[in-house]
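Work through the exercises below with the sequence and the coordinates at hand. Each task is followed by a solution in steps.

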Amino acid sequence: MTPPVIDGAFARWLAGRAGDLLLRTRAEVGFADPHALKAAGDKLSHELMRTELARWRPADAVLSEEDKDARSLGSGADRLGAERVWIVDPLDGTREFSEEGRDDWAVHVALWGRHGTSPHKLLAGAVAIPAQHRTLATDFPPAYPPMGPHPRLRLAASRSRPPAFLADLAAGLNAELVPMGSAGVKIAAVVGGEVDAYVHAGGQYEWDSAAPVAVATATGLHASRIDGSALKYNETDPRLPDLVVCRKDLAPRLLAALRQHLAG
């Protein structure tokens, strides 16, 4: 199968291919041994992505969570001098992937470009949520989410590793915490209007947020570090430990509350 030429459509295609493979892997391996299922999912999706990117985008560099040295400073040194770098998470939310019945796991595919015009320089991105049978991508960005009728703000929160300050932040904002898995699923929930914001400060890497941030900003949402500074990708240190994604009208209020908590 020949994939699309346009980068956004290619990202959607690649995320979908990996998502289909992960659904098959879930069905074939089963849930009796969660560790084995996680390992199989990570490995097979990573190998598929690496193979397709080498075949169809051979001139581009790649940063994948499953690369052997992915978390090292300057990991894959070729990417630091590259014009274009694909930043991928072959399986975001391995815990949820290994639990029968859960659908809050995702596949992330993003493209960073040295000459990108936005602060984050992300040129394209796609987030596949295979168990929900949907993919969000920059080739056809979702509509901007309307303000909902909910009386309280809803903040997407990690079900396993919520930031320590998040409960206090929610209390100060009179907000409701909505636990869910993958970072991609959380940001997709902001894009879809199911929650109002996603705030994280518990430690992440570039591949955790690149694709969903590309989609969120293509949709018109606000995305930044929790101190309001720009998110930057393809850095020497791939750690990108915190972010906030929300509607633009909510950003000043949310960032002010975050500054107060950071100062405290």
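A residue counts as buried when its relative accessible area is under 20%, as exposed when that area is over 50%, and as partly exposed in between. The model used throughout is a predicted one.

**Exercise 1. Arg154**

Solution. 
1. Locate the residue: Arg154 belongs to strand E6, which covers residues 154-158.
2. List the surroundings: with residues up to four places away in sequence left out, Arg154 touches Glu176, Val178, Gly193, Glu194, Val195, Asp196 and Ala197.

**Exercise 2. Glu66**

Task: State where Glu66 is found and which residues it is in contact with, leaving aside its neighbours within four places in sequence.

Solution. 
1. Glu66 is in the loop that runs between strand E1 (61-64) and strand E2 (84-92).
2. Its relative accessible area is 29%, so Glu66 falls in the partly exposed class.
3. Beyond the neighbours within four places in sequence, Glu66 is in contact with Asp42, His46 and Pro90.
4. For a C-alpha check, take Leu91: this residue is 25 places from Glu66 along the chain, and the two C-alpha atoms are separated by 9.2 Å.

**Exercise 3. Helices H1 and H2**

Task: Determine how H1 is oriented relative to H2, and which residues make the contact.

Solution. 
1. Helix H1 spans residues 7-29 and helix H2 spans residues 34-56; their axes come within 9 Å and cross at roughly 150°.
2. Angles over 145 degrees count as roughly antiparallel, so H1 is roughly antiparallel to H2.
3. The crossing of H1 past H2 is right-handed.
4. On the H1 side, the contact is made by Phe10, Trp13, Leu14, Arg17, Ala18, Leu21, Leu22, Thr25, Arg26 and Val29. On the H2 side, the residues are Leu37, Ala40, Gly41, Leu44, Ser45, Leu48, Met49, Glu52, Leu53 and Trp56.
5. Sorted by class, the residues of this H1 and H2 contact are 14 nonpolar, three polar and three charged.
6. To read the spacing in such lists, recall that an α-helix has 3.6 residues a turn, so residues three or four places apart point the same way.

**Exercise 4. Helices H4 and H7**

Task: Classify the packing of H4 and H7 by orientation and by handedness.

Solution. 
1. The axes of helix H4 (residues 166-173) and helix H7 (residues 251-263) are 10 Å apart, at an angle of about 130°.
2. H4 and H7 are therefore oblique to each other.
3. H4 passes H7 in a crossing that is right-handed.
4. H4 contributes Asp168, Leu169 and Leu173 to the contact, and H7 contributes Arg253, Leu254, Ala257, Leu258 and His261.
5. The classes in this contact of H4 with H7 are five nonpolar, one polar and two charged residues.

**Exercise 5. Helix H5 and its partner**

Solution. 
1. After H5 comes Gly193, which has a positive phi near 80°.
2. H5 packs with helix H6 (residues 206-219) at an angle of about 10°, the axes being 9 Å apart.
3. The contact joins Ala183, Gly184, Ile187 and Val191 of H5 to Asp208, Pro212, Ala216 and Thr219 of H6.

**Exercise 6. Positive phi**

Task: State where Lys121 and Asn234 lie, and whether each is buried or partly exposed.

Solution. 
1. Most residues other than glycine have a negative phi.
2. Lys121 is not a glycine, yet its phi is positive, about 60°. Lys121 sits in the loop between strand E3 (106-113) and strand E4 (122-129), and is partly exposed at a relative accessible area of 28%.
3. Asn234, also not a glycine, has a positive phi of about 55°. Asn234 lies in the loop between strand E9 (222-224) and strand E10 (243-246), and counts as buried at 6% relative accessibility.

Conventions: Residues numbered from 1 in each chain as written. Predicted model: local features only at pLDDT ≥ 70, side-chain atom pairs only at ≥ 80, totals over all residues. Heavy atoms only, no water. Helix = DSSP H or I, 4+ residues; strand = E, 2+ residues; numbered from the N terminus. Buried < 20%, exposed > 50% of the residue type's maximum accessible area, 1.4 Å probe, protein only. Contact = heavy atoms within 4.5 Å. Axes fitted to C-alpha atoms, helices over the stretch in contact; angles between N-to-C directions. Parallel < 35°, antiparallel > 145°, perpendicular 65-115°, else oblique. Left-handed = near helix turned anticlockwise from the far one by under 90°. Nonpolar A, V, L, I, M, F, W, Y, C, P; charged D, E, K, R; others polar.
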